[in-house]
Amino acid sequence: MSMRKLLVPLIALLVFLLLWEALVWFNDWPNYKMASPSDLLPAYQRYWGLFLTMGWQTLWRTVVGLLLAVVVGVLLGMVMGFSRTMRDALYPLLVGFNAVPKATVVPIVALLFVGAHDFNTILIAFMISFFPIAVSVSIGLSTLEPEYRDILRSLGASRFTIFRKIALPKTLPEFFGALKVAVTLAFIGTNLMEIVSPHGRGLGALFDSGKTNSDYPLMFAVLIALAFLGIVLYYVVVALENIFAGWAERAQD
Amino acid sequence: MRDCISLIPSCRKVDLLCPDCLAPASVDKLIEIRDVRHAYSTASGPLPVLAGLELSVREGGFTAVVGPSGCGKSTLTRLVAGLMIPDSGDVYLHGERVTTPRATVGMAFQNPVLLEWRTILQNVLLPLEIVPTTLSQRAKEERARSLLALVGLEGFEDKRPSELSGGMRQRASLCRALVHQPEVLILDEPFGALDAFTREDLWQIMHELKAREPFTGILITHDLRESIFLADQVVVLSGRPARTQYVLDVPSEAPRDLDMMYTAESADMLATLRDQIRIAREGEAQVAQTSSGASQ
């Protein structure tokens, strides 16, 4: 069973790489049009030190931005989930904020806090990823059936006890669903800033330097490295979900 | 001694001079509802739901409340549980006015509302985490396990609610309502969503629970057969706004097995109740007509 679980995605990955290689091969595309997987290996070999340091910079800033998004998103979600007035007040604001393309916010933030590169990157990662968390927590809390509350309230439980024993655990599946979306969004945010901002750091900056030096295989290698980091972080969230909200998964065969 | 409570409702309080009433066993009427009136405020003005509700249940008694749909029966359960206070009139438990929720009440609803992230045993233990108790963890678990065994859920203690059928979940929900040994058990259509056979199983289980646990029960139901099978008193409410329209006493010597349903006495009782429901619904239709006439 676990063998199968590992083999199936590995085979899918291999098929994908082969198709990509074949596509470039048959069209006889040059490197600058589209690099093939076989071009990536030399790129990784040449720059592996850079990939490690830049990859780490991208990773930690994404994680910090994401943690910030979790804290703020959960707090906003709680406020909107418990108070109708706050929900009516904040919802349009949040939707509007979310509708603004973050690529347009990046230069503004870069100018606003010029030089504060780590801060700017974390800020964009946070701004792009807190929305789904806030919405899912608020929906989870506001759709709690009144009977759940009555069961504890009729015994004299305080609001906080009801939140801790019922509302919080009941919202966890929605929260983790949103967190999976937020993880990938946060990576997009981090890289937007890394690419745009001057004297940047992280994989985004490496991508940018590939562009300036016409090193196309390097650019593709960065994309694959980003995808890899995204997958790793995504499955960290899945592992956390299994620990804290595994009960929500239907029992399978 | 027994009448004392109907004279001075608050006399069970120690600072009032009525030594007889200090002993709970001497208090005859455990639940007492007097002339309760209540209206919900809606966008289109106040909506009266209760208009002169009277109800009293003796200690150890079991009262079923029937009435047309949406007549305010669930409001009644929230009043007894102390989850809301009526606009006027009073609700007493043991002669004390109910103004806040109290730990001596257990509730079960049509939706069993089990917590999906807990096992069945942990679900049943939930009230004991809220209610102050001197029981050790071990004693709590023993109490929960014995209740689960009584309703036929032995061996399911460590299952999740999602692994159980609807009837089994409802049994677990009954155990949770009773685990802290409440004085009052409030059942709001707990068998309404079950199929006919499962429902009859649960009726039998209710009788077994009643024989073993010393609670006083209020059952809200739409099923007249259920009401006379389980209760010793059936209260018929009028249509909204509800008042007490009719009270039927079910003879206590009636045998409580399913054959009871087919005796002449039961047929008489059912006919009476059906008649009362019809009157309640006609009254409701008239009220609706006059109020729509007034608004035109």
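I looked up the crossing of α5(B) and α6(B), and it is right-handed. The handedness term works thus: a crossing is left-handed if the near helix is turned anticlockwise from the far one by less than a right angle, and right-handed if clockwise. The model is predicted, with pLDDT of at least 70 needed for local features and 80 or more for side-chain atom pairs to count, while totals for chains, interfaces and linings use all residues. Residues are numbered from 1 along each chain as its sequence is written, chains are lettered from A and ligands numbered from 1 in the order in which they are written, and side-chain values use heavy atoms, with hydrogens and water left out.

**Entry 1: the helix pair in chain B**

I noted the extents: α5(B) covers residues 166-178 and α6(B) covers residues 196-212. Helices (H or I, at least four residues) and strands (E, at least two) are DSSP runs, numbered from the N terminus. The axes of α5(B) and α6(B) come within 11 Å and cross at roughly 20 degrees. The axes are lines fitted to C-alpha atoms, for helices over the stretch in contact, and the angles run from 0 to 180 degrees between N-to-C directions. The classes are roughly parallel under 35 degrees, roughly antiparallel over 145, roughly perpendicular from 65 to 115, and oblique for the rest.

I counted 9 helices and 0 strands in chain A. Along the sequence the pattern reads α-α-α-α-α-α-α-α-α. The C-alpha trace of chain A spans about 70 × 55 × 30 Å along its principal axes. Chain A has 253 residues, and 42% of them count as buried. Buried means under 20% relative accessible area, exposed over 50%, and partly exposed in between (1.4 Å probe, protein chains only).

I then took helix α8 of chain A, residues 202-212, which packs against α9(A) at an angle of about 165 degrees with the axes 8 Å apart. That angle makes α8(A) roughly antiparallel to α9(A). The crossing of α8(A) and α9(A) is left-handed.

**Entry 2: a patch on the surface**

Which residues form the nonpolar patch on the surface? I listed F228(A), V232(A), V236(A), L240(A), I243(A) and F244(A), with about 580 Å² of accessible area together. Patch residues have over 30% relative accessible area and no salt bridge; like charges are joined within 9 Å, nonpolar side chains (Val, Leu, Ile, Met, Phe, Trp, Tyr) within 5 Å. The areas come from the Shrake-Rupley method with a 1.4 Å probe, and for residues only the protein chains shown count as cover. F228(A) sits in helix α9 of chain A, residues 216-245. Its relative accessibility is 54%, so F228(A) counts as exposed.

**Entry 3: salt bridges**

How many salt bridges does the structure hold over all chains? The total is 20. The criterion is a side-chain nitrogen of Lys or Arg within 4 Å of a carboxyl oxygen of Asp or Glu.

I checked R78(B) and D150(A), whose side chains meet in a salt bridge at 2.6 Å, N to O. This pair crosses between chains, from R78(B) in helix α2 of chain B (residues 73-80) to D150(A) in helix α6 of chain A (residues 146-153). R78(B) is partly exposed at 25% relative accessible area, whereas D150(A) is buried at 8%.

Next I took K180(A) and E241(A), a salt bridge at 2.9 Å, N to O. The pair links distant parts of the chain, 61 residues apart: K180(A) in helix α7 (residues 159-196) and E241(A) in helix α9 of chain A. K180(A) is partly exposed at 21%, and E241(A) is buried at 15%.

In chain B I found D223(B) and R199(B) in a salt bridge at 3.2 Å, N to O. D223(B) lies in the loop between β8 (216-220) and α7 (224-230), and R199(B) in helix α6, so the pair ties together parts 24 residues apart in sequence. D223(B) counts as buried at 16%, and R199(B) is partly exposed at 21%. I also noted a network in which salt bridges that share partners join R61(A), D118(A), E194(A) and R201(A).

F51(A) is in helix α2 of chain A, residues 37-82, and is buried with a relative accessible area of 9%. Its C-alpha atom is separated by 15 Å from that of G230(A), 179 residues apart along the chain.

F215(B) lies in the loop between α6 and β8 of chain B. Is F215(B) buried or exposed? F215(B) is buried, with a relative accessible area of 3%. The C-alpha atoms of F215(B) and I186(B) are separated by 9.9 Å, with the residues 29 apart along the chain.
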